[in-house]
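Thank you for making time for this at the meeting. Please have a look at it before I go on.

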Amino acid sequence: MGALRRLGMRVVLLVAAGLLSFVIAACGGSQTTGGNTSVKLEITAPADGTSVRADRVAVRGTVTPADATVQILGRPAQVGNGVFAGSVPVHRGANTIDVVASAPGSAPASATIIVNRPGPRQRKAKRIRARGAPPLSSATNCGGGLTVGAHTSCPFAENVREAFQSSGSGVLDVYSPTTGQTYRMYCTSGSPHVCTGGNGASVYFSSGGQATAYDLNRCAGDLVVGPNTSCAFAQNVQAEYYRTGAGWISVYSPVTNRTYDMYCTSSSPHVCTGGNNAALYFP
């Protein structure tokens, strides 16, 4: 009888232990960490809202676990002993920098800071006023409110205006009766219209065929801008032209904090048009 009593006590104890384990697991007391932990991430430099002058900024911080993978703006960062570091480019204006950290078996973490890069100090523009075409060398008045710059014939300019009136502003493929070739031209939507492209061609006309005033601003040096164009943006266009050459270029505007596509002619004086009806001229 004593042996049976001891055996019964053991069964009771085993059942009780099993029930206790079940209760602990049901209450979340398991020590298993798979999928329940989160990566810890902190950006230590630069501080949120920092202003920088350089075109790149170094981002540093700490991460746990120490071997986590860290990406800054989608680019891998160097990680060692729980410390990460990386360098990313910044444009003029406000830059949002996202940092994401991940590790196997853990929920990823992210952090965001804003870094500001001031634009160049905009020089006060000196307003000048001209009628008809901008002050470009070798400008020719074709009549009827149509003016052409250097390397541009009046018959070709008439075809450009006709094509523009048929399809509107934008990119036009226009035939030249002078050379027997077809050239691609870009025309702005605002009046007076500025069309550039082809073999360094430039054409100017107003809606309705009537010549109207064309307000210009003279910026630093020999840089001249048309309506809807800031000196700060024009300076960036000129710098990008000197860096990459004529044709289509993408240029950042510190005034609108946006990037625009501009087309610049190869002949001098250079004419660049595009963006939000922007136009600028320089030797």
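By class, how many nonpolar, polar and charged residues does the lining of the largest pocket have? The lining has three nonpolar, four polar and three charged residues, where Ala, Val, Leu, Ile, Met, Phe, Trp, Tyr, Cys and Pro count as nonpolar, Asp, Glu, Lys and Arg as charged, and the others, Gly among them, as polar.

Before the details, a word on the source. This is a predicted model, in which local features need pLDDT of at least 70 and side-chain atom pairs count only at pLDDT 80 or more, while totals for chains, interfaces and linings use all residues. Residues are numbered from 1 along each chain as its sequence is written, and side-chain values use heavy atoms, with hydrogens and water left out.

Back to the largest pocket, then. A pocket here is defined on a 1 Å grid over the protein atoms alone, as an open set of points where a 1.4 Å probe fits, with protein on both sides within 12 Å along at least five of seven lines, and lining residues have an atom within 4 Å of a point. The largest pocket holds about 270 Å³ of space, a volume being the space filled by probe spheres set on the points, with grid points joined across faces, edges and corners. Its lining is made up of Val-90, His-91, Arg-92, Arg-117, Asn-236, Glu-240, Ser-250, Val-251, Tyr-252 and Thr-259. Two or more of these residues come from each of helix 3 (231-244) and strand 21 (247-253), and strand 21 gives the largest share, three residues. Helices (H or I, at least four residues) and strands (E, at least two) are DSSP runs, numbered from the N terminus.

The second largest pocket has a volume of about 160 Å³, and its lining divides into four nonpolar, seven polar and no charged residues. Among the residues that line this second pocket are Asn-228, Phe-233, Ser-253, Tyr-260 and Asn-276.

Helix 3 has 14 residues and reaches 20 Å from its first C-alpha to its last, close to the 20 Å expected at 1.5 Å a residue, the expected span being 1.5 Å times one less than the number of residues. Its buried residues include Phe-233, Val-237, Glu-240 and Tyr-241; buried means under 20% relative accessible area, exposed over 50%, and partly exposed in between, with a 1.4 Å probe and protein chains only. The cover over the buried residues of helix 3 includes strand 20 (224-225), strand 21, strand 22 (258-264), strand 23 (270-274) and strand 24 (278-282). Gln-238 also lies in helix 3 and is buried, with a relative accessible area of 18%. Leaving aside neighbours within four places in sequence, Gln-238 is in contact (heavy atoms within 4.5 Å) with Leu-223 and Phe-282. After the helix comes Gly-245, whose phi is positive, near 100°.

What relative accessible area does Val-203 have? Val-203, in strand 18 (residues 201-205), is buried with a value of 0%. Its C-alpha atom is separated by 6.0 Å from that of Thr-147, 56 residues apart along the chain, and its contacts beyond four places in sequence include Leu-146, Thr-147, Met-185 and Cys-195.

Some backbone details follow. Most residues other than glycine have a negative phi, and most peptide bonds are trans. In this model, a cis peptide bond joins Ala-45 and Pro-46, with omega about 0°, and another cis peptide bond joins Thr-64 and Pro-65, with omega about 5°. Asn-81 is not a glycine, yet has a positive phi of about 55°; Asn-81 is exposed, with a relative accessible area of 79%. Asn-257 likewise has a positive phi, of about 60°, and is partly exposed at 43%, in the loop between strand 21 and strand 22.

Finally, confidence. The mean pLDDT (the predictor's confidence in each residue, from 0 to 100) is 75 for the protein chain, and 72% of its residues reach 70 or more. Over residues 11-35 the pLDDT stays under 50, and the model has five contacts beyond four places in sequence for them. Residues 122-138 also have pLDDT below 50, with 45 contacts beyond near neighbours in sequence. Where pLDDT is low, the predicted coordinates should not be read in detail.
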